[in-house]
Amino acid sequence: MTAFTASVDLPVPVEVAYAYLSDPRNRPQWQSSLRSVTVPVDEEPHLGQRWQETTSVGVRPQMEIIEMDPPLVWAERGSWRGVSATLTLGFARTPRGCRVEIRGDVGGRGVYVVPAAVAGRLAGLAVAADVRKAGRILAERDS
């Protein structure tokens with residue numbers, strides 16, 4: 001497993017950031033590598049919720065929410081072929097909005113060991129950039 005961490009400050013209240021980032025239906029708006037998600041439109045996020053994502057390169061991981069403690073922590077697990085990953089977002093209030101603490105890991109089996117290790121090394125930067133994009137989207141909605 002290759003672990004990654006990052007921290008991003010957002011200019012919106014913690015409840016706003018949590019609600020937006022924890023809803024898989026919003027992911028295609030802010031996640032740069034994602035084309036679509038398959039989850040019922042009217043299904044609210046909940047512990048154990050499952051969905052499928054389609055990435056811009058055609059990878060289709062199966063995803064599941066594995067932790068929800070609004071507005072403090074949200075976590076997911078995903079798998080595709082020989083690759084598995086987890087992502088945990090921790091939320092804290094700041095004087096100007098909130099901070100999102102990002103933790104995760106990516107692992108692979110068999111022929112997927114090397115690609116998973118590379119993905120894990122890049123994941124922290126990529127996820128942080130995506131969370132910053134989410135913050136810009138939310139800030140624009142708020143203004």
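Ala 116 sits in helix α3. This is a predicted model, so please keep that in mind for everything I say. Is Ala 116 buried or exposed? Its relative accessibility is 2%, and because buried means under 20%, Ala 116 counts as buried. Setting aside neighbours within four places in sequence, Ala 116 is in contact with Val 83, Val 106, Gly 107 and Gly 108. For a sense of distance, take Pro 11, which is 105 residues away from Ala 116 along the chain. The C-alpha atoms of these two are separated by 32 Å.

Now the helix itself. α3 lies across β1, β6 and β7, and α3 runs at about 5° to β1.

That brings us to the sheet. In what order do the strands come? There are seven, forming an open sheet in the order β1-β7-β6-β5-β4-β3-β2, with antiparallel pairing. β1 and β2 are the edge strands, each pairing on one side only. From one strand to the next, the twist averages 25°. Helix α1 also packs on the sheet, where α1 touches β1, β4, β5, β6 and β7. The direction of α1 makes about 160° with that of β6.

Let me go through two of the strand pairs. β6 and β7 form a hairpin, with two residues between them. Twelve bridges join this antiparallel pair. Thr 94 has Gly 97 in β7 as its bridge partner, and Thr 86 stands opposite Asp 105 in β7. On the other pair, β1 and β7 are also antiparallel, joined by nine bridges. There, Ala 6 stands opposite Ile 102 in β7.

Next, the core. How many residues does the largest nonpolar core have? The count is 34, and those with the most contacts inside this core are Leu 10, Leu 21, Leu 89, Phe 91, Val 100, Ile 102 and Val 131. At least two core residues come from each of β1, α1, β2, β4, β6, β7 and α3. Helix α3 gives the most, with eight residues. Look at Val 131 as an example. Not counting residues up to four places away in sequence, Val 131 touches Val 8, Leu 10, Leu 21, Trp 30, Val 100 and Ile 102.

The largest pocket holds about 840 Å³ of space. Its lining has 31 residues, and the closest to the pocket centre are Gln 31, Ser 33, Thr 55, Ala 85 and Ala 119. α2, β3, β5, β6 and α3 each give two or more residues to that lining. Which element gives the most to the lining? Again the name is α3, with eight residues.

Is Arg 27 buried or exposed? Its relative accessible area is 3%, so Arg 27 is buried. What does Arg 27 touch, not counting residues up to four places away in sequence? The list is Leu 34, Val 37, Trp 51, Glu 53, Trp 74 and Glu 76.

Notes:
Residues are numbered from 1 along each chain as its sequence is written. This is a predicted model: local features need pLDDT of at least 70, side-chain atom pairs count only at pLDDT 80 or more; totals for chains, interfaces and linings use all residues. Side-chain values use heavy atoms; hydrogens and water are left out. A nonpolar core is a set of buried Ala, Val, Leu, Ile, Met, Phe, Trp, Tyr and Cys residues joined through side-chain atoms within 4.5 Å. Buried means under 20% relative accessible area, exposed over 50%, partly exposed in between (1.4 Å probe, protein chains only). Helices (H or I, at least four residues) and strands (E, at least two) are DSSP runs, numbered from the N terminus. Contact means heavy atoms within 4.5 Å. Two strands pair if DSSP finds at least two bridges between them. Axes are lines fitted to C-alpha atoms, for helices over the stretch in contact, and angles run from 0 to 180 degrees between N-to-C directions. On a 1 Å grid over the protein atoms alone, a cavity is a set of points where a 1.4 Å probe fits but cannot get out, and a pocket is an open set with protein on both sides within 12 Å along at least five of seven lines; lining residues have an atom within 4 Å of a point. Grid points are joined across faces, edges and corners, and a volume is the space filled by probe spheres set on the points.
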